[in-house]
Amino acid sequence: MIIAFPPVADSAPHAQVVLVGPGGAMSPAATAADTATGGQLRRALTAARFDGEAAALVEVLAPANMAATRLIAIGTGKLDAADAAAFEKIGGAIAARLLASGETRASVDLSGISAAVPIATAAAHLGHGAVLRGYRFDKYRTTMKDKAKPTLAHLDILGAADAEAAFAPLAGIAAGVFRTRDLVSEPANIIYPESFVASAADLADLGIELTILDQPAMEKLGMGALLGVSQGSVRAPRIMAMRWNGTGDANSRPVVFVGKGVTFDTGGISLKPPAGMEDMKWDMGGAGAVTGAMHALAARKAKAHVVGVVGLVENMPDGNAQRPGDVVTSMNGQTIEVINTDAEGRLVLCDAIWWAQETYDPEVVVDLATLTGAIIISLGHEYAGIFANDDGLAAQLIAAGDASGDKLWRMPLADSFDKLIDSPIADIKNVGPREGGSITAAQFIKRFVKPGVKWAHLDIAGMAWSSKAGPLFDKGATGYGVRLLDRFIAANFEG
Ligand code: BES
Ligand code: MN
Ligand code: ZN
């Protein structure tokens with residue numbers, strides 16, 4: 001969708017959107033439309049019991065005495081409290097309504113309103129929300145009816161001529177979110193470790209330095225935990241690092257993001273039940289978020305040094321697959337008893353995180369992973385879980401979550417949980433008891449974090465995919481994590 005901030009509306013008839021607040025408080029453009037239509041807008045609002053609540057919507061088709069194809073009133077909530085997030089939701093509601101409506105162009109008029117943020121900011125975020133909500137993954141739908149196909153191609157935002165500068169970085173962020181959604185949406189016969197890496201090649205055009213480890217390289221480094229997961233698959237594993245240094249200081253210590261990239265998780269020999277197993281194509285959601293976040297940071301030329309590392313494997317049952325009870329040795333020399341081959345994400349992360357620390361000497365490591373079903377039992381689909389060894393880092397991430405809408409809720413770490421993953425025959429086992437399953441998973445990863453490194457683990461199993469549409473995404477891949485990580489860097493590492 002093309003977002004523009006022209007001085008006047010397009011002369012061809014199109015969908016016109018106006019803002020209305022609580023108590024029926026009309027923006028100047030809404031008043032003008034109501035006057036032009038002889039009060040038709042006001043009567044429609046009354047008939048719909050429209051209360052001006054944020055993103056509520058009333059539509060008048062073929063409004064009298066206007067060239068518009070339709071007139072839409074959208075609620076702002078209390079305008080003096082409307083912030084960037086509120087305008088994103090408004091943009092999202094417009095896109096959701098008009099996307100496949102047959103309209104190709106819409107305009108929304110912000111002239112003469114005042115909100116909690118400058119109008120340029122409001123306009124840019126309204127456009128951003130529309131772009132994010134406008135995403136679809138239709139590439140495999142070859143017989144879709146014309147009426148179901150997206151039509152909306154242009155959104156003109158009026159009354160905010162100077163919004164372009166505020167919108168440009170948001171367009172970069174949206175591109176990152178779309179990259180994540182594309183990766184997460186693709187089935188596992190299309191996106192597997194090698195093709196994931198191949199799909200990222202164009203990040204080099206944005207100035208990102210790519211480093212790729214193939215299987216022989218990982219064998220040489222002794223990544224027995226990651227390789228153990230991969231050994232049942234015919235798809236070769238990969239680690240990919242994406243480095244963006246926008247500081248101008250080659251010696252600055254980076255922030256490192258690490259993503260779980262299990263391109264399909266059957267469970268391995270500890271095979272998952274069939275119902276819903278297709279969901280495990282998005283078990284690379286952490287890697288997808290990290291890749292999209294790197295895209296976003298480079299696209300908006302963030303003044304920070306950030307490295308994204310993704311550990312890419314497929315977890316399959318096979319004659320060569322690892323067995324429950326196998327003992328593997330991770331890159332840092334710790335031995336791991338693999339009790340359950342379905343607890344594979346932590347086995348991938350531990351080697352990826354160790355390699356990232358050895359290679360990049362980061363001061364901060366944040367990992368993202370669709371790690372446990374238990375986090376969905378704890379937090380549902382509203383919050384990802386955050387585990388951290390540093391209160392300051394946790395607070396920064398939670399604040400970035402609140403600001404971006406990619407929300408986080410803090411979960412505990414404690415020695416009493418750590419004890420639960422001691423193994424009778426190795427240094428550590430890969431599962432604890434069923435109770436507290438997300439916490440023991442986090443404790444496992446913690447054993448691979450170097451002293452002095454600030455670390456947070458985000459369990460995003462409940463967030464990477466949604467079975468229903470939200471304000472800024474359709475059902476399917478949400479792109480969770482991209483806006484969160486972008487915000488986290490913007491707020492803390494670009495000063
Ligand atoms: N990828 C799954 C976690 C998951 C489950 C993500 C549902 C998204 C939706 C992970 O690899 C897994 O299988 N975890 C097990 C761990 C258990 C064996 C200790 C789980 O959560 O059941
Ligand atoms: Mn699993
Ligand atoms: Zn998994």
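Author: The discussion below treats the ligands first and then some individual residues.

Author: This is a predicted model, in which local features need pLDDT of at least 70 and side-chain atom pairs count only at pLDDT 80 or more, while totals for chains, interfaces and linings use all residues. Residues are numbered from 1 along each chain as its sequence is written, chains are lettered from A and ligands numbered from 1 in the order in which they are written, and side-chain values use heavy atoms, with hydrogens and water left out.

Reader: How many residues surround ligand 1, and which are the closest?

Author: A residue is near a molecule if one of its heavy atoms lies within 4 Å of it. Here 17 residues surround ligand 1, and the closest are K272, D283, D342, E344 and G373. The shell divides into six nonpolar, four polar and seven charged residues. In that division Ala, Val, Leu, Ile, Met, Phe, Trp, Tyr, Cys and Pro count as nonpolar, Asp, Glu, Lys and Arg as charged, and the others, Gly among them, as polar.

Reader: Which atoms lie 2.8 Å from a nitrogen atom of ligand 1?

Author: A polar contact is a pair of N or O atoms within 3.5 Å; within protein, one must be able to donate a hydrogen and the other to accept it, and residues adjacent in sequence count only if both atoms are side-chain atoms. The side chain of D283 places an N or O atom 2.8 Å from a nitrogen atom of ligand 1. A backbone N or O atom of L371 is 3.5 Å from a nitrogen atom of ligand 1, and a polar side-chain atom of K260 is 3.2 Å from an oxygen atom of the ligand. Of the 510 Å² of accessible area that ligand 1 has on its own, the protein covers 77%; such areas come from the Shrake-Rupley method with a 1.4 Å probe, and for residues only the protein chains shown count as cover.

Reader: Which residues coordinate the manganese ion (ligand 2)?

Author: Donors are N, O and S atoms within 2.8 Å of the metal (3.2 Å for Na, K and Ca); water is not among the atoms, so sites may look incomplete. The manganese ion is coordinated by D265 (OD), D342 (O), D342 (OD) and E344 (OE), at 2.0 to 2.2 Å. In sequence its donor residues follow the spacing D-x76-D-x1-E.

Reader: What are the protein donors of the zinc ion (ligand 3)?

Author: They are K260 (NZ), D265 (OD), D283 (OD) and E344 (OE), lying 2.0 to 2.4 Å from the zinc ion. The two metal ions are 3.2 Å apart, and D265 coordinates both.

Reader: Is D265 buried or exposed?

Author: Buried means under 20% relative accessible area, exposed over 50%, and partly exposed in between (1.4 Å probe, protein chains only). D265 counts as buried because its relative accessibility is 2%, and K260 also has 2% and counts as buried. D342, at 22%, counts as partly exposed.

Reader: What does the side chain of H125 contact?

Author: The side chain of H125 makes a polar contact with the side chain of E88 at 2.6 Å. At 16% relative accessibility, H125 counts as buried. S27, at 5%, counts as buried, and the side chain of S27 reaches the backbone oxygen of L19 at 3.1 Å.
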